[in-house]
Amino acid sequence: MQDNPTSPSTGSSAALPKLPKAPSGIDGLDEITEGGLPLGRPTLVCGSAGCGKTLMGIEFLVRGIQDYNEPGVLMTFEETAAELAANVTSLGFDLPGLQAEGKLRLDHVHVDRSEIEETGEYDLEGLFIRLGHAIDSIGAKRVVLDTIEALFSGFPNQGVLRSEIRRLFHWLKDKGVTTVITAERGEGTLTRQGLEEYVSDCVILLDNRVIDQITTRRLRIVKYRGSTHGTNEYPYLITEDGISVLPVTSLQLNHAVSNDIVSSGIPALDEMFGRRGFYQGSSVLITGTAGTAKTTLAATFAAEVCRTGRRCLFLAFEESPQQLVRNMHSVNIELASYVANGLLRIEAARPTLNGLERHLVTIHKIIGDYKPDAVIIDPISNLISVGNLSEVKSMLIRLIDFLKVNNITALFTSLVSGRNIQQEMTEEGVSSLVDTWISVRDLEGIGERNRGLSILKSRGMSHSNKVREFLVTDQGIQLLDVVIGPAGIVTGAGRLTQQLHEQAQTLAAQQEQERKDRELERRRRVLEATIGNLRTEFESVEEELRQINDEELARQKTLAHNKAQFAQPLPLQSEKPPRAL
Amino acid sequence: MADQQEPAGEEVEYVLHLFITGATPNSTRAVRNIKEICELYLKGRYELLIVDIYQQPELAQHEQLIGAPTLIKRRPGLVRRLVGDLSDRERVLKALGITPLMS
């Protein structure tokens, strides 16, 4: 049965062959293109100046060589080989080294209008031969033509040029090399010279946009013949490691989950959760108005994570590490020692330092290097200053996804506006993304403010529905017991009043009880005395009766004796004469 | 396949290299045209090298060839590149710095 070759299941699983793809090796791009660029076909990468077109091409080649062992040819029409090599050295791409290994060939095509004289009919066979020779000499599988449009400046005969470029792309296709062609963005068209007419398999558009003085680079796949692909604009970054297209994490919600529990650091808070803490790898959101000890709660969690010997990354967007350590010291949360032994890493940065995408990549990088078990971001609401709501939300979605996939517990704090009566909504709208949501707020009563903490939701476990008052004391955060007054839960001074009242009541009740006890004792004693008297009386009566009884018995005995004596015949006298008296 | 034509002495005035792509019509025309021009205007004063880049593809990169056929004038004066089948004689002569009156 197990070696049935014509099993219907194997027959149906052999689906139609999919379009073969060449993985680009560029972070995130392969996820959007669902596997990479079309294998053996040309791909057009277009974009305006400074988008990183050349870099994308070079990275495609270098990753191909390093990760997939596919040699590549770079034909550049603008920069010389030496310039290119110098430019990408900072990204760790060693072009001369790869050239020496015979994995890469660089060819700078020098196009200078002043040197070229058209004297009749011609074609671009010279270029074909150069390229063909370069490809054949190293067995290249990948080719990058960096800004082939530069040819248009050198050769005035557009008709020849266009037909030759068309022929070139066909020729590259026939050779079966995966080609990336970069082109400058034109007015109203994707490329200045309309190259998109010739490259019809895959077109990637790079864009560089400045919104509110913050630059964001975006990538969009305009078309991809024969394949599905992500259609959105995806932000991407040029980092020290090359291009990173976001999302760098999985686009799907299918991460593994943990059943382990991590403590919040506050025993009383843990008790409010059915499983006594948060799930490892879940995301926790603490929202609250200003001054509701969100950071303190977060630091308590950080200290707890470190106390149990795990690593915690604290991303502070408001305070410097030193300030945070000092401030937490004042409430007996000692972070300095954990920082010293490397269990806690505090990264502080102003949100406005970078764009959102840069922040995200920085966070990814730190997490990749540091491999923490928990990440705290304090607060996420500050990020709004560098992006609009939807951008912040999408960034946080990606961040939360990333952390979940890596099974890292995430704790975010978020400031909610005090004016907003309905405090259930965070501005970033991330509340639906998080697993556990703790709300801290001011409970403003008569002339005082108190802090109240409640759990709005906790996925996967039961949780207390009570609003617990908590104090930030010299010994850290303390949750107070629930005090219920006539009109519900009371806090602060009301709590004290209620407690005093209850104490008085308790005292009164106790006194009453004692009084009753005394009364009982007294009565017991009275009764006992009475019982004693009665017993004495009873005993004397009993004695008397016994005496009478005895006397009666004695009397009857005597009587009987006498009677007997009386009834007895006289003793028989003997015949013997009495002795002489 | 290098085809050296009429090496006229040690120091010739004109050094011309023609790169062709096999026997394509453009290449054939270019060879015919340059030979004609040389014989007409530069007799005894030139050195012409005709290279088939199909045979020596590595030269294509070395010589920075794009179009084909290409005539490179190495001497005299500045290096000039003449792309095409050299049928536009006026332009060819101008680029080579030859005045037709000289004949």
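Two strands pair if DSSP finds at least two bridges between them. Helices (H or I, at least four residues) and strands (E, at least two) are DSSP runs, numbered from the N terminus.

This is a predicted model: local features need pLDDT of at least 70, side-chain atom pairs count only at pLDDT 80 or more, and totals for chains, interfaces and linings use all residues. Residues are numbered from 1 along each chain as its sequence is written, and chains are lettered from A and ligands numbered from 1 in the order in which they are written.

**Stop 1: where the chains meet**

Select β6(A) and strand β5 (residues 80–83) of chain B. Three bridges join them, and the two strands run parallel. Now pick A:E117. Opposite A:E117 stands B:L82, in β5(B).

Two residues are in contact if their C-beta atoms, placed from the backbone, lie within 7 Å.

**Stop 2: chain B alone**

Chain B has three helices and five strands. Along the sequence they follow the pattern β-β-α-β-α-β-β-α. Of its 103 residues, 37% count as buried. A residue is buried if 20 or more other C-beta atoms lie within 10 Å of its own, exposed if 12 or fewer, and partly exposed in between; C-beta atoms are placed from the backbone.

**Stop 3: a sheet of chain A**

Bring chain A back. Its secondary structure comes to 15 helices and 25 strands. Of its 581 residues, 40% count as buried.

Select the strands β5-β4-β7-β8-β3-β9-β10-β11-β12 of chain A. In that order they form an open sheet of nine strands, with mixed pairing. The edge strands are β5 (104–108) and β12 (242–245) of chain A, each pairing on one side only. From one strand to the next, the twist averages 20°. Return to α6(A), which packs on this sheet and touches β4 (72–76), β5 and β7 (142–146) of chain A. The direction of α6(A) makes about 165° with that of β5(A). Axes are lines fitted to C-alpha atoms, for helices over the stretch in contact, and angles run from 0 to 180 degrees between N-to-C directions.

Next, take β3 (residues 42–47) and β9 (residues 202–211) of chain A. They pair in the parallel sense over five bridges. A:T43 stands opposite A:C202 in β9(A).

**Stop 4: another sheet of chain A**

Select β17-β16-β18-β19-β15-β20-β21-β22-β23 of chain A. This order gives an open sheet of nine strands with mixed pairing. Its edge strands are β17 (344–348) and β23 (476–479) of chain A.

Zoom in on β15 (residues 283–288) and β20 (residues 436–444) of chain A, a parallel pair with five bridges. The bridge partner of A:L285 in β20(A) is A:W437. A:G288 stands opposite A:V440 in β20(A).

β20(A) also pairs with β21 (residues 449–458) of chain A, in the antiparallel sense over nine bridges. Here A:L443 has A:N450 as its bridge partner in β21(A). Check the turn of this hairpin: four residues lie between the strands, and A:G447 takes a positive phi near 70°.

**Stop 5: the core**

Which residues have the most contacts inside the largest nonpolar core? Select A:A302, A:C312, A:L335 and A:I376; the core has 157 residues. A nonpolar core is a set of buried Ala, Val, Leu, Ile, Met, Phe, Trp, Tyr and Cys residues joined through C-beta atoms within 7 Å. Helix α10 (residues 294–307) of chain A gives the most to this core, with eight residues.

Centre on A:L335. Leaving aside neighbours within four places in sequence, its contacts include A:A299, A:A302 and A:L344.

**Stop 6: a glycine to finish**

Select A:G97, in helix α5 (residues 95–100) of chain A. Is A:G97 buried or exposed? A:G97 is exposed, because 11 other C-beta atoms lie within 10 Å.
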